[in-house]
Amino acid sequence: MDFDLSEEQSLIKDSVTRLLRAEYGFEAREKHRAEEPGFSKKIWQSFAELGLFAIPFDEADGGLGAGPVETMIVMEAFGRALVVEPYLASVVMTGAALRHAASAEQRAAIVPGLVEGTSRLAFAFAERATRYDLSRIAMEAKRDGGGFRLSGEKTLVLHGDTATGFVVAARTAGAPGDTAGLGLFHVPAEAQGLSRRGFETQDGMRAAELSFADVIVPQDAVLGDPEGGWPAIARIEAEAIAALCAEAVGSMERMVELTVAYIKERKQFGVPIAAFQVLQHRASEMYMALEQARSMAIFAAMSAGESDEAARRAAISAAKVQIGRSGRFIGQNAVQLHGGVGVTMEYEIAHHFKRQAMIDLAFGDADHHLKLVADAGGMDERD
Amino acid sequence: MDLKFTPEEAAFRAEVRAFIAENVPKDARETLRAGRHVSKDQLVRWTRILNDKGWSVPHWPVEYGGTGWDPIRQYIFLDEMQRAPAPQMLPFGHSMVGPVIYTFGSDEQKARFLPRIANLDDWWCQGFSEPGAGSDLAGLSTRAVREGDHYVVNGQKTWTTLGQYADWIFCLVRTDPQAPKKQMGISFLLIDMKTPGITVRPIRTIEGGHEVNEVFFTDVKVPAENLVGEENRGWDYAKFLLGNERTGIAGVGATKERIRRLKEIAKAEPAGTGVVWDDQRFREKVAAVEIELKALEMTQLRVVSAEARRGHGKPDPASSILKIKGTELQQAATELLMEAIGPFALPYEAEEIEGRNEPPVGPDYAAPIAPNYFNMRKVSIYGGSNEIQKNIIAKAILGL
């Protein structure tokens, strides 16, 4: 066991950090997200040049063959800077779909565009009634010759309004709640019968509703077994949660840093408010919540690739609980300790607060995952 | 970054687990499993078994009897000891005065005391706290006056854990009341408990047990050779000692063992038409503790591996997190055990009547549960109260 970064990992961390420090201060971030696609294409290209999009893919597919730890490093840095570019949607989520479901030919056709940053995919899974249980997907994919025909609605598709294509999870058999009978389909944005309506999110990003009216998916765009997509979907979810945990930790770290700096500088009653022990203890509690969250983000990264599904689920859920609780505690107290400026749009802290709130609700909040851990009998040791 | 234990580390864990399973005295293990305290005799027997194996003081430098294990292996060893469960080594010699002696003591002190600590030939206790000096330890007033080749000690120590069995006590005493800062006039003395003028009075703690004592010193003559390091430098040695104390204090393995037991009991205790464990809310409370415990375990491993990198000796202020979270979770586990047993927490059974002829009231595992809940309130108070730990985080880490 070794918590030190390898040379390659340090290199990734340093290069991302350097770029973000130069190009992604809070004011720059506000400019980036005001650009047309909802993020900066220039930054997106810089990420590509750093090789960040290659991280999770096998070398055979043109990737770096790196894993969850490298993704964690990138996402943590993104969390600190509140990066709005669609890395999670395109590289982490649809990247996982391609790695776990697509054939070598399909990967050869799709991955290079993702690695270069010329194409951006979004993962369309959510529907009005799925909430936190992806097995409740209902949208139908009907057999049509060798391929499938998609009809129905997808919603809350992160970065779906500007994506160049989608990986869509839809039902080929069974009923909502069945894990069997789900498939993954690659659909280009310009597919006949697909329409989308973009919207802004609470945390400064973009997303879309998608409407499928008899969208034809040819056989070669079916990713893996059209009735046996569940294991891949479960892995996409696990990897997305692990990445979100890391992002949340980066953001929490920044909130603790900003808050500590603020209370040292802000004077009331003639002294810096950091002189008050009640605030010192609050800041200490925030720090503890951060370190516990960091530990669980690491645990999530080390468990994301776990092949035993029960062990993986317990670990990922446990991490999501910790991140949700720590993020809420740190976020609420960071705003509280900032006082009035904490509730203004001009100040960075408010944007971290909103991102934390949305991360908690993504793929199940702390209560949801606590129930999952409890239902599985707790965190049984499997060493 | 490689977050899995290496095959060598896994093999080491297996070796430790097997050794403990084969060698820990069965009676001691049963006592611990039942949530009771081990006896002096049980602890001495187990310490000597470990010492014969060369494992009683694994974290000490090899020249004084340590194993040379890296911090990860030490962590694995401790974790296996706690989860077995096997009696924990008596900390006062093993983790407190032992490291002070081999770091700051004279060659004579090292030769005289260290082997006897490793074999538990000497039972040590700690003389730090006083009635007027708790969290503000440097405010202590026990006086030691140099007279020729000895010191004369007068004063009172309190909260002296297991002092009733002790052969020796290590004490912080005031040697220079005129020092410009109160921390600067303190010395570190080793005192033989058989010296005339020492009296030990038991304090009965909240659960009814006898774990801690008051120790009174009246004109106690202590040979000057029993001074550790330099006169008036005792505060430095005490800070070193307290920093070491915090890293072992999280008790992750022990809390895991308590939760294992908690689940067993919750699955056996009748509630409604089923058992306590059927209650979703109860299971979620247990899961919440387990999740925080997993996070703490990872935090502890991070602290341990940072220590491996930094080199031994300098305590990491992040170990304050281990103290705070570790003790909160120890308390949470004992609290949930009491909720699991419910009304059968009620009957009081004095520990002294262990060999009772009467059948227990309710299930036989019930008796220690409420006393443990009561007793464990101490953990967030001792070793630097959790509030003091928050001060340490605020100052040493956050720079507030």
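# A tour of chains A and B

Residues 24 or more positions apart account for 72% of the contacts in chain B with a separation of 6 or more; two residues are in contact if their C-beta atoms, placed from the backbone, lie within 7 Å. The model is a predicted one, where local features need pLDDT of at least 70, side-chain atom pairs count only at pLDDT 80 or more, and totals for chains, interfaces and linings use all residues. Residues are numbered from 1 along each chain as its sequence is written, while chains are lettered from A and ligands numbered from 1 in the order in which they are written.

**Stop 1: chain B as a whole**

Select chain B. Its secondary structure comes to twelve helices and nine strands. Helices (H or I, at least four residues) and strands (E, at least two) are DSSP runs, numbered from the N terminus. The radius of gyration of chain B, taken over C-alpha atoms, is 22 Å. Along the principal axes, its C-alpha atoms fill a box of roughly 75 × 55 × 50 Å. Of its 400 residues, 44% count as buried. A residue is buried if 20 or more other C-beta atoms lie within 10 Å of its own, exposed if 12 or fewer, and partly exposed in between, with C-beta atoms placed from the backbone.

**Stop 2: the domains of chain B**

Colour residues 7-89 as domain 1, 124-232 as domain 2 and 249-397 as domain 3. These bounds come from an automatic or database domain assignment. The centres of domain 1 and domain 2 of chain B, taken over C-alpha atoms, are separated by 30 Å.

**Stop 3: helix α10(B)**

Now pick α10 of chain B, residues 319-341. This helix has 23 residues and reaches 33 Å from its first C-alpha to its last. That is close to the 33 Å expected at 1.5 Å a residue; the expected span is 1.5 Å times one less than the number of residues. Is α10(B) largely enclosed or open? 18 of its 23 residues are buried, so α10(B) is largely enclosed by the rest of the structure. Step just past the helix to B:Gly342, which takes a positive phi of about 60°.

**Stop 4: where the chains meet**

Show both chains. Here 38 residues of chain B are in contact with 33 residues of chain A. The largest share of the chain B side, 18 residues, comes from α9(B). By class, that side has 20 nonpolar, five polar and 13 charged residues. Ala, Val, Leu, Ile, Met, Phe, Trp, Tyr, Cys and Pro count as nonpolar, Asp, Glu, Lys and Arg as charged, and the others, Gly among them, as polar.

**Stop 5: chain A**

Chain A has eleven helices and ten strands. Of its 383 residues, 54% count as buried. Its C-alpha atoms fill a box of roughly 80 × 50 × 40 Å, taken along the principal axes.

Next, select A:Ala319. Leaving aside neighbours within four places in sequence, A:Ala319 is in contact with A:Ile241, A:Cys245, A:Met296, A:Ala297, A:Phe299 and A:Ala300.

**Last stop: A:Glu105**

Find A:Glu105 in helix α6 of chain A, residues 104-116. A:Glu105 is exposed, with 9 other C-beta atoms within 10 Å. A:Glu105 and A:Asp61 are 44 residues apart in sequence and 9.7 Å apart in space, C-alpha to C-alpha.

Conventions: Rg over C-alpha atoms; globule rule 2.2 N^0.38 Å.
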